[in-house]
Amino acid sequence: AARHEDTTSNRKKWFRQNVPVVGGLEYELGAWAYLPSTSDSADAVFMRVAWYPGSDCNGSQNGTADIGGIDASVRKTWQQLSGSAVAANETKCAQLRLILDPASGQDPIVYWDDAFLGAQAASTDTPTATPSGFCDYQ
C-alpha cells in the first residue's frame, strides 16, 4: 500500500511503474484506492497506462489509455479500479500511473493497494468430446 498526498500544488500527481510489454497484446490492469474521511476533495482518482517504443519508457509515448476512476464522494471504503488496454504497436515498455487530480485549492489524500499490469491470459478452447464411432450394446 502507498499513501498519495498532494500538499504542494493543485497539479496532478502520480505514482508510476515501468513494465516491459509486447506491442499489440492486450493487458489487464487494476488497483484499489481509498479516500479517508479527512481527505480534501479530488477531481479524479484513476489509472493511466502510457505506451513507449523504448524499452526503458523514455522518449515520446505512442499512446495512452485511462482506466476506471473512483467515486470521489465515497469515503472510508476501498474502491476497485480495473480494465484492459491493448498496447500500441511497436511498444516495448508500459508505464502504469496511479493518478490523483486534486480539486482546486484542495490537498487530497488517497491510499493505493494491489496495483498491477499484466498480459491478459490467452483464451484456451475447451476440447469437445469426439465420439469414437463404436458402441457395444448388449
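## Overall fold

Residues 24 or more positions apart account for 81% of the contacts in the protein chain with a separation of 6 or more. The model behind this value is predicted. The chain has 8 strands and 0 helices. From the N terminus on, its elements read β-β-β-β-β-β-β-β.

Of the 138 residues in the protein chain, 34% are buried. The chain exposes about 8300 Å². Carbon and sulfur atoms supply 46% of that area.

## The nonpolar core

The largest nonpolar core holds 26 residues. Leu29, Val45, Met47, Val49, Trp51, Trp112 and Leu117 have the most contacts inside it. At least two core residues come from each of β3 (26–34), β4 (42–52), β5 (64–67), β6 (79–86), β7 (93–102) and β8 (109–119). β4 gives the most, with 5 residues.

Take Met47, one of the residues with the most contacts inside this core. Leave aside its neighbours within four places in sequence. Met47 is then in contact with Leu29, Gly30, Ala31, Ala65, Asp66, Ile67, Leu81, Ser82, Leu96, Arg97 and Leu98.

## Thr91, a buried loop residue

Thr91 sits in the loop between β6 and β7. Its relative accessibility is 4%, so Thr91 counts as buried; the cut-off is under 20%.

Leaving aside neighbours within four places in sequence, Thr91 is in contact with Val21, Val22, Gly23, Trp51, Tyr52, Pro53 and Asn62.

Key. Residues are numbered from 1 along each chain as its sequence is written. This is a predicted model: local features need pLDDT of at least 70, side-chain atom pairs count only at pLDDT 80 or more; totals for chains, interfaces and linings use all residues. Side-chain values use heavy atoms; hydrogens and water are left out. A nonpolar core is a set of buried Ala, Val, Leu, Ile, Met, Phe, Trp, Tyr and Cys residues joined through side-chain atoms within 4.5 Å. Buried means under 20% relative accessible area, exposed over 50%, partly exposed in between (1.4 Å probe, protein chains only). Helices (H or I, at least four residues) and strands (E, at least two) are DSSP runs, numbered from the N terminus. Contact means heavy atoms within 4.5 Å. Accessible areas come from the Shrake-Rupley method with a 1.4 Å probe; for residues, only the protein chains shown count as cover.
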